[in-house]
Amino acid sequence: MTDLVTFGESMLRLSPPGDDRMERTDSLQVHVAGAESNVAVAAARLGLDAAWTSKLPESPVARRLVNPLEGHGVDVDVVWSEEGRQGLYYLETGGEPRGLNVVYDRTGAAVTTAETAELPTGRVREARMFYTTGITPALSGTLETTTRELLEIAREAGTTTGFDLNYRSKLWSPAEARETLTDLFPLVDVAVVPEDDAERVLDREAGGETLARDLRAEYGFETVVVTQGKEGALALGDDEVHEQSAYETETLDPVGTGDAFVGGFLAQYLDGGSIPDALSYGAATAALKRTIPGDVAVVSPGEVEAVIERGGEDISR
């Protein structure tokens with residue numbers, strides 16, 4: 001049985017070395033990027049049997065994406081297509097006031113045509129958890145349908161469902177996201193909700209514990225995890241709220257931090273760990289990710305545990 005099956009788009013990230021500008025660089029660094037595959041990598045590196053499924057074009061560019069994922073221990077189970085292309089994104093980094101600049105080049109990606117019937121639904125039924133994010137249904141009408149159907153298949157089979165709201169303003173408006181995502185929420189067991197996204201998309205003024213309790217009461221989530229950026233995270237399971245502060249870290253590359261947190265959290269959550277343990281594992285994985293170039297958390301259990309041992313406050317009440 002697979003512990004975790006994730007579904008969504010993965011892209012290749014192309015970046016100028018260091019903080020150079022795209023318009024003048026003579027070379028580009030290549031990294032694998034994608035919320036759901038990032039989560040699968042972190043979870044696999046921390047001990048879960050993790051798989052990522054999607055639809056990719058039959059091309060050397062797509063295989064360049066698959067090879068590193070497999071190298072991290074993720075079981076890649078994709079549909080290979082003769083049509084469509086591989087999505088890319090360009091990331092330019094710089095200090096303030098320039099900051100990060102992202103340019104997406106994903107129109108016509110093969111994944112946008114992925115239908116439920118061609119995906120490994122048997123694997124979803126047999127997994128302990130099926131996980132996806134709010135990015136996936138935003139990519140196309142087809143994927144909106146496929147996301148819903150996969151969540152329904154998982155639910156009917158008794159597979160725990162996990163979902164990260166993960167709002168992307170370059171894909172859709174808050175109103176569009178709210179209509180689609182709140183329609184999916186009743187199919188979700190474990191919800192990850194960034195506090196900022198809840199305010200923008202769900203029009204929730206209250207954050208923290210109030211947000212977690214309100215969302216669970218309204219949508220019936222089994223567990224609600226509210227991420228709060230540099231303030232840390234909290235989770236509501238049963239009737240108890242657990243809080244976890246962020247671990248101190250030096251930021252080299254912030255992209256993928258949220259996915260690293262989820263991967264670390266699920267590594268403990270699905271291994272039978274307590275919610276406080278899962279929160280601390282997620283926070284430590286996120287802290288380590290910020291020191292690593294690229295989108296994925298190239299970490300080990302020993303490194304995560306060392307961060308936890310060095311300190312970080314957790315509060316249960």
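A salt bridge here is a side-chain nitrogen of Lys or Arg within 4 Å of a carboxyl oxygen of Asp or Glu. By this rule the count comes to 19 salt bridges. Please keep in mind that this is a predicted model, where local features need pLDDT of at least 70, side-chain atom pairs count only at pLDDT 80 or more, and totals for chains, interfaces and linings use all residues. Residues are numbered from 1 along each chain as its sequence is written, and side-chain values use heavy atoms, with hydrogens and water left out.

Here are some of the pairs:

| Salt bridge | N to O distance |
|---|---|
| Arginine 204 and glutamate 218 | 2.5 Å |
| Glutamate 209 and arginine 213 | 2.9 Å |
| Arginine 148 and glutamate 152 | 3.1 Å |

Arginine 148 and glutamate 152 both sit in helix α4 (residues 141-157), four residues apart, or about one turn of the helix. Helices are DSSP runs of H or I with at least four residues, numbered from the N terminus. Glutamate 209 and arginine 213 are likewise four residues apart, both in helix α7. Arginine 213 has a relative accessible area of 32%, so it is partly exposed; buried means under 20%, exposed over 50%, and partly exposed in between (1.4 Å probe, protein chains only). Glutamate 209 is also partly exposed, at 24%.

What about helix α9, buried or exposed? In α9, 14 of the 15 residues are buried, so this helix is largely enclosed by the rest of the structure. Aspartate 196, found in helix α6 (residues 195-201), counts as exposed at 55% relative accessibility.

Conventions: Helix = DSSP H or I, 4+ residues; strand = E, 2+ residues; numbered from the N terminus.
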